Amino acid sequence: MMKLLEKAREMAMFTAYNTNVDAIVYLNGDIVQRLINEFGAESVMKRMEEFPREINEPLDFVARLVHALKTGKPMEVPLVNEELQGWFDSHFKYDVERMGGQAGIIANLLANLDFRKVIVYTPHLAKKQAEMFVDKPNLFYPLVENGKLILRHPREAYRENDPVKVNRIFEFRAGTRFKLGDETITVPYSGRFIVSARFESIRIYTRPELKPFLPEIGLQVDGAILSGYQGIRLRYSDGKDANYYLREAKKDILLLKREKDVKVHLEFASIQSRELRKKVIYNLFPLVDSVGMDEAEIAYVLNALGYSKLADRIFTYNRIEDTVLGGKIIIDEMNLEVLQIHTIYYLMYITHADNPLSEGELRQSLELATTLAAARASLGDINSPEDFRVGLKVPYNGRGEYVKLRFEEAKRRLRTREYKIVIIPTRLVEKPVSTVGLGDTISTGAFTSYLALLRMKGVL
Ligand code: AMP
């Protein structure tokens, strides 16, 4: 397994587009009480009843926060009013600030694993965002200077006036108490309330000056991991819309592949709007080689493709047989080279039968992925290739045998001759230090080791 990681680390990778700063506040009863007192319990309760879907003013935030605390349910509410950032920054001291966004998380992970070269592109790179990148000599941001492509460390490439996307994360613990009018509220479960920045100024795209150099970037790397399309809005006030940004996203992929057929992995994330979800799937899946997603996301994708009954079954029962069936549908309809699905208990690859890798090799790639994720869950972060060894000590989850049994059953019942389908149980950390970015870690480990195995076979 260490050997395969070594081979994967020889790869040069490109990743884009989404990065943000996760600013974390650990809430306590006093902080919440002060907020309620500032606005008055009456007003807070009234706004809670109105249940605002977006945060336009501070009271919207307080109302949705108190609602989340009362139910103990994790929630995410978009902040649409950019001017409110000052209010948040003057009211809260952030306990931790760290890299957020899939492209940012993946870039730091690859750099810390000592990959040969990591090029990360994010359209907005303010100083604060740039500082979230790890200080590694193999990590680069592409710039255009005097008509040429130049690679610099992100910390040396920031632009003073770029906007920063800050997601504010309010972590709460079960048992936290505060008063809302006459009522004493005790938070029933631990969780988090996320205020996600959805500003007009933050876009998912490649700046026009860099676009002509995408073929050159493609030539310099062995693979690309693209993500962040969930951040596209359906419409913008300047008249641009999701169709515009997806047309540009398609061009980006074709440009990356123009000089060399560089393999592209798209990391899918939940998209609430079915309209946008459909657009991302129909526009981009047919252009990429590999897609990664979790179990909820495969249900969302199937729903968007019109298989709503199958999607509902996956949501409700989480049966392996349905996931296999859904996976077959997706790789056939979108003609993907490989689909990777990660769930809490197992990881799965589905490819067509003519995939150059054997089932054994595909399983090795998944083994590397779950080991890397287990290392990250144990340590909270991966700082060097040596950290990978920690994952090797994490046991497989208790349902491993059950998973294999159900999978064999599914294979007997479904037509699978035209495919290669492999599954492995996950290594599951009982008390993870952090679960942030684990899905991205699995996909990064899976895709880069897939590429390494292709290269070892001489087909890349
Ligand atoms: P996502 O839903 O995309 O964030 O991916 C989460 C994935 O991380 C799950 O499907 C699991 O495979 C993995 N995972 C979650 N919790 C743990 C844990 N405690 N230890 C190891 N892997 C985990």
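Predicted model: local features only at pLDDT ≥ 70, side-chain atom pairs only at ≥ 80, totals over all residues.
Residues are numbered from 1 along each chain as its sequence is written, and side-chain values use heavy atoms, with hydrogens and water left out.

An open sheet of mixed pairing is formed by 10 strands in the order β7-β6-β5-β1-β12-β13-β14-β15-β16-β17, where strands are DSSP runs (E, at least two residues; helices are H or I, at least four) numbered from the N terminus, and two strands pair if DSSP finds at least two bridges between them. Because β7 (148-152) and β17 (419-425) stand at the edges with a single partner strand each, one side of each is left without a neighbour in the sheet. Strands β1 (residues 12-17) and β5 (residues 117-121) run parallel and are joined by five bridges, with Val118 of β5 as the bridge partner of Met13.

Around the ligand there are 13 residues, of which Asp294, His342, Thr343, Val429 and Gly439 come nearest, a residue being near if one of its heavy atoms lies within 4 Å. Polar contacts are pairs of N or O atoms within 3.5 Å: an N or O atom in the side chain of Asp294 is 2.8 Å from a ligand oxygen atom, and a backbone N or O atom of Val429 lies 2.9 Å from a ligand nitrogen atom. Helix α17 (residues 438-456) contributes the largest share of the shell, three residues.

Terms used:
Polar contact = N/O pair within 3.5 Å; in protein donor to acceptor, adjacent residues only side chain to side chain.
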